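Good morning, and thank you for making time on the agenda.

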Amino acid sequence: MYLILLPILFPILAGFCLLAYRKDPGRKLLTITTGICLVITGALVVVALMGTKQGLTLFHLTKKLPIYFNIDKISVIFSLLTVIVFLCAGFFSFVYMKHEQKEKRYYGYYLMAFGVLNALCFAGNLITFYLFFELLTLSSFPLVLHTGSKEAVMAGLKYLFYSLCGAYASLFGIYFLYHNCETLTFTAGGVLQISPASREGSFFLLIAFVMILGFGVKAGMFPMHAWLPTAHPAAPAPASAVLSAVIVKAGVLALIRVIYFIFGTGFLQGSWVQTAWLTLTLVTIFMGSMLAYREPVLKKRLAYSTVSQLYYILFGLAVMNEEAFTGSLLHVLAHGFIKSTLFLTAGAIIYTTGKTRVDELRGIGKKMPFTMWCYTIVSLGLIGIPPTGGFVSKWYLAMGGLTGDIGIFRYLGAAVLLVSALLTAGYLLPLTIQGFFPGADYDDTACRKQEPARLMTIPILCLTILSVLVGLFPNIITNYLTDFVSTLL
Amino acid sequence: MIICVILIPLLAGILVPLLPFRKRCHKEIFLEGAVILNSILVWYLLLHHSESTFLLAHFTGDLNISFRVDGMSMVFAGLVSGLWPLATLYAFEYMTKEDHENTFFLFYTITYGVTLGIAFAANLLTMYFFYELLTLVTVPLVMHTLTREAILASRKYLYYSLGGAAFAFIGLIMIIVYGTTTDFILGGVLDPLKIGDRTNVLLLIYVMAFMGFGVKAAVCPFNSWLPQAGVAPTPVTALLHAVAVVKSGAFAIIRLTYYSFGTDFLQGTWAQTTVMIVVMFTIVYGCSRALKETHIKRRLAYSTISNLSYILFGAVIMTPLGLTGAITHLAFHAVMKISSFFCAGAIMHQTDKRYVHELNGMGYKMPWVFGIFTISSLALMGVPGLAGFISKWNLAGAAVDSKNPLAYAGIACLLISALLTAIYMLSIVVRAFFPGRDFDDGPIQNVHDPNWKMLLPLMVFTVFIILFGVHSQPIVDFFYDVATGVY
């Protein structure tokens with residue numbers, strides 16, 4: 001029963017010990033220790049997922065305010081994604097972090113963020129979730145400001161205060177929910193027993209909207225997305241990978257929990273909140289793609305891409321039907337694997353060549369063919385070319401959108417998805433094209449192979465393979481989810 | 001017995017300059033002993049309290065000086081007596097760098113007795129008497145350094161407080177005239193027959209008395225004395241200007257609202273709306289000023305202004321739950337703020353640095369102090385699992401429960417303030433722990449943590465911040481009983 005606590009407490013304590021340990025343990029020892037801790041945590045998560053049968057109430061903060069952990073299918077999906085991305089990016093950083101300082105501090109916070117994310121996945125009620133949501137912000141902002149340059153510090157603070165702002169907005173909603181719900185335990189179908197037509201109901205629609213905006217900050221929702229493109233390029237590449245692939249997904253998880261498990265879709269379906277939310281998501285998808293398209297710095301481009309892609313997921317959530325919800329979860333996985341690969345390849349390129357702008361990277365495919373192949377494969381995935389991960393999820397999203405009961409957004413949604421896919425191709429593929437086909441005037445006598453170390457390429461390869469597998473065998477996931485999803489709606 | 005706990009600190013204080021101590025440590029042992037003894041007596045009194053009133057002096061008619069232990073006194077006296085020994089211990093170490101130690105300890109210790117006097121006062125007159133006395137005995141503490149700045153600050157403090165007390169005095173007179181008694185009775189003592197059609201006059205008087213006592217609780221626009229008074233030595237700023245003095249103001253307002261005028265009389269009137277708006281404004285105002293301030297202690301002082309208004313916000317919701325929230329924040333904020341003030345003091349004591357921008361990279365040199373400072377910052381922000389979350393939870397819960405739309409707006413103020421708190425507290429923490437790439441720690445090579453006399457109080461506070469955060473049920477239940485008049 002207490003198994004569920006192990007993957008939470010172990011990495012947090014390990015990270016804390018690393019931070020509190022005053023002496024410098026030496027690079028080799030440090031990486032070995034961190035590696036072991038990461039692997040153990042991964043194993044503990046799997047053990048916890050297999051071994052947990054019922055929820056665990058730890059203690060009560062105050063009256064009716066339990067700290068409660070439970071595992072359902074949503075937790076399984078998100079925690080598996082977390083483990084895989086954290087392990088891959090962790091091993092990647094063992095090489096990458098060579099050119100940064102204060103590695104001990106980095107690994108300390110990295111482990112803590114890992115533990116907190118596990119807790120977030122396992123949280124069984126809104127208060128527990130909120131607790132770890134705040135802790136996630138606090139343990140991950142040191143990763144953003146790690147390099148210590150002035151921009152990085154400012155980016156870290158921006159991330160911190162934007163996230164806290166969002167968290168407090170949602171806390172506003174939690175105060176009201178607590179007084180009007182029997183319990184805040186996540187229950188499929190929602191716990192709010194108020195009709196949206198009543199006077200109280202209209203107030204709660206406002207509360208729902210505030211909470212969507214609040215948790216949406218973490219997921220980079222327009223107009224509070226500004227921290228995302230600032231924070232990602234400032235952070236070290238593996239940190240951006242986890243940030244983009246998993247930590248912003250905490251915002252997605254939060255919205256799933258709040259909308260599907262607390263308010264219930266019945267409450268929001270057809271209300272102005274749904275309309276406003278759909279509008280926001282479509283605006284963000286389009287805007288993110290556009291901004292990415294005209295952004296010259298590779299990591300920043302990827303960050304804008306994250307803004308846009310996250311809103312595919314949130315679009316699916318906002319539609320509120322089964323196909324769209326399945327599509328969202330598939331896209332959580334697909335985007336998680338793809339975007340972490342993209343950031344890791346960007347990191348590998350920065351590490352070996354020191355270049356950050358796309359137009360400086362002509363002929364990169366000749367120098368780092370393996371890395372660039374991985375980049376190309378996952379790019380195709382993100383665009384949505386059939387056998388890869390992105391295709392299936394977008395298919396579900398578009399189907400959900402078209403069959404959904406959402407009026408004009410039915411067609412608008414599908415149209416925006418297509419335009420955005422085009423733009424995705426437009427901002428991801430130039431690097432491939434320039435990289436492999438630098439043009440006739442390119443002098444390739446000077447270039448030699450500069451493939452990065454094994455410890456960098458293997459994580460990239462693993463994530464690439466996974467992203468393809470999601471596309472090849474989506475049925476495993478959809479079958480796993482079918483029953484569960486139908487209870488939600 | 002009650003009079004003992006008020007007199008012991010008085011005597012001990014007076015004896016400090018008179019007794020010929022051969023060594024400094026003898027004086028320390030004497031003072032610490034007296035304070036601890038007194039605290040033990042107070043706790044004994046609280047745990048074995050009787051309902052009876054102790055009459056000290058009788059003037060005329062109903063007017064008398066008398067003491068009683070009821071729920072609110074238990075909370076306030078328990079809080080003060082818990083903090084005082086620790087603060088005294090801290091002061092020993094801190095005062096090694098300041099002059100006129102004897103004068104300082106004289107007044108510092110007397111203040112303990114006077115504060116207990118406020119806590120145990122059984123009627124409005126007694127409370128008023130000790131309230132004025134508190135102003136007088138704490139003026140020398142603000143003036144302590146005798147710089148021009150300090151003298152100006154103390155003068156301002158004196159005038160503000162006396163002026164405020166004058167308004168409060170009008171309230172006292174009105175209670176004598178229109179009330180059945182001046183004793184504190186939960187639910188109020190106003191006599192509807194005597195009031196007749198003068199309701200609005202009384203409401204106006206309430207607002208005036210609220211603002212009068214509000215001077216000590218630093219309600220906007222009467223708050224500028226508090227940041228200025230930060231020139232006093234840190235034990236004074238921490239204990240008096242974050243707990244004893246300012247919370248006497250909040251305590252007096254609670255007494256006035258719940259025990260003299262009565263919530264039935266005030267609930268839903270324009271007076272409630274007025275004071276609630278003032279309080280909400282102060283919450284946001286204090287935080288915004290804190291954001292702008294770069295002097296650490298003044299920043300914390302502005303933060304205190306905002307947090308005191310949290311307490312008053314709970315109080316002016318005027319429901320038992322609101323009072324519970326107010327009391328919870330009264331107690332929890334005391335612990336959190338004294339902890340952060342003591343950290344600031346420790347920094348000043350060890351390094352002579354007073355401004356936020358001088359703190360770069362200090363976190364690694366003074367890990368304990370900054371670790372504790374971080375925890376108290378997080379608690380003040382209201383991160384779940386620490387004390388601040390619980391008190392804000394209770395305040396917001398009371399506001400939701402009151403079904404008053406203005407109180408809903410108050411919740412928004414609380415959250416805006418929480419965000420601002422995060423910004424002004426965490427920017428210090430970030431500076432200390434993440435000084436940036438070009439940081440050179442040469443100039444602060446020799447900085448280190450202070451000795452145990454400073455660290456022990458800090459650790460005790462931290463333990464309580466965490467304890468209240470994760471297991472607050474018993475104490476919140478107790479506060480609820482106090483608010484509903486069980487004690």
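Please look at helix α10 of chain B, residues 234-261, which bends by about 50° at Leu240(B). The model is a predicted one, and the angle is computed from its atoms. How many of the residues of α10(B) are buried? The count is 28 of the 28, so α10(B) is largely enclosed by the rest of the structure. Just after this helix comes Gly262(B), which takes a positive phi of about 90°.

Chain B has 19 helices and two strands. Its radius of gyration is 22 Å, close to the 23 Å that the globule rule gives for 487 residues, so chain B is as compact as a globular protein of that length. Along the principal axes, the C-alpha atoms of chain B fill a box of roughly 75 × 55 × 45 Å. Of its 487 residues, 60% count as buried. If we take the contacts in chain B between residues at least 6 apart in sequence, 81% of them join residues at least 24 apart.

I turn now to the contact between the chains. Chain B contributes 26 residues and chain A contributes 27 residues. Which elements of chain B give two or more residues to the side that touches chain A? They are α16 (387-402), α17 (405-433) and α19 (473-484) of chain B. Of these, α17(B) gives the most, with nine residues. By residue class, the side of chain B that touches chain A divides into 18 nonpolar, six polar and two charged.

Within chain A there is a further contact, between domains. The domain assignment gives domain 1 (1-268) and domain 2 (279-489) of chain A. Taken over C-alpha atoms, the centres of these two domains are separated by 22 Å. Their contact takes 39 residues from domain 1 of chain A and 43 residues from domain 2 of chain A. On the domain 1 side, the elements that give two or more residues are α3 (73-96), α8 (227-234), α9 (237-247) and α10 (249-263) of chain A. The most comes from α3(A), with 12 residues. The residues on this side divide into 29 nonpolar, eight polar and two charged.

Is Ala318(A) buried or exposed? It has 29 C-beta neighbours inside 10 Å, and therefore counts as buried. Leaving aside residues up to four places away in sequence, Ala318(A) touches Gln274(A), Trp277(A), Leu278(A) and Thr281(A). For Leu278(A), the C-alpha to C-alpha distance to Ala318(A) is 6.0 Å, although the two are 40 residues apart in sequence.

The second detail is a hairpin. Strand β1 of chain A, residues 56-60, pairs with β2(A) in the antiparallel sense over three bridges. One of the residue pairs is His60(A) with its bridge partner Pro66(A) in β2(A). Five residues lie between the two strands, and in the turn Lys64(A) has a positive phi of about 55°. From strand β2 of chain A, residues 66-69, Pro66(A) and Tyr68(A) point one way, while Ile67(A) and Phe69(A) point the other way.

Terms used. Residues numbered from 1 in each chain as written. Chains lettered and ligands numbered in written order. Predicted model: local features only at pLDDT ≥ 70, side-chain atom pairs only at ≥ 80, totals over all residues. Helix = DSSP H or I, 4+ residues; strand = E, 2+ residues; numbered from the N terminus. Rg over C-alpha atoms; globule rule 2.2 N^0.38 Å. Buried ≥ 20, exposed ≤ 12 C-beta atoms within 10 Å, placed from the backbone. Contact = placed C-beta atoms within 7 Å. Bend = angle between axes of the 7 residues up to and from the residue. Nonpolar A, V, L, I, M, F, W, Y, C, P; charged D, E, K, R; others polar. Domains from an automatic or database assignment. Pairing = 2+ DSSP bridges.
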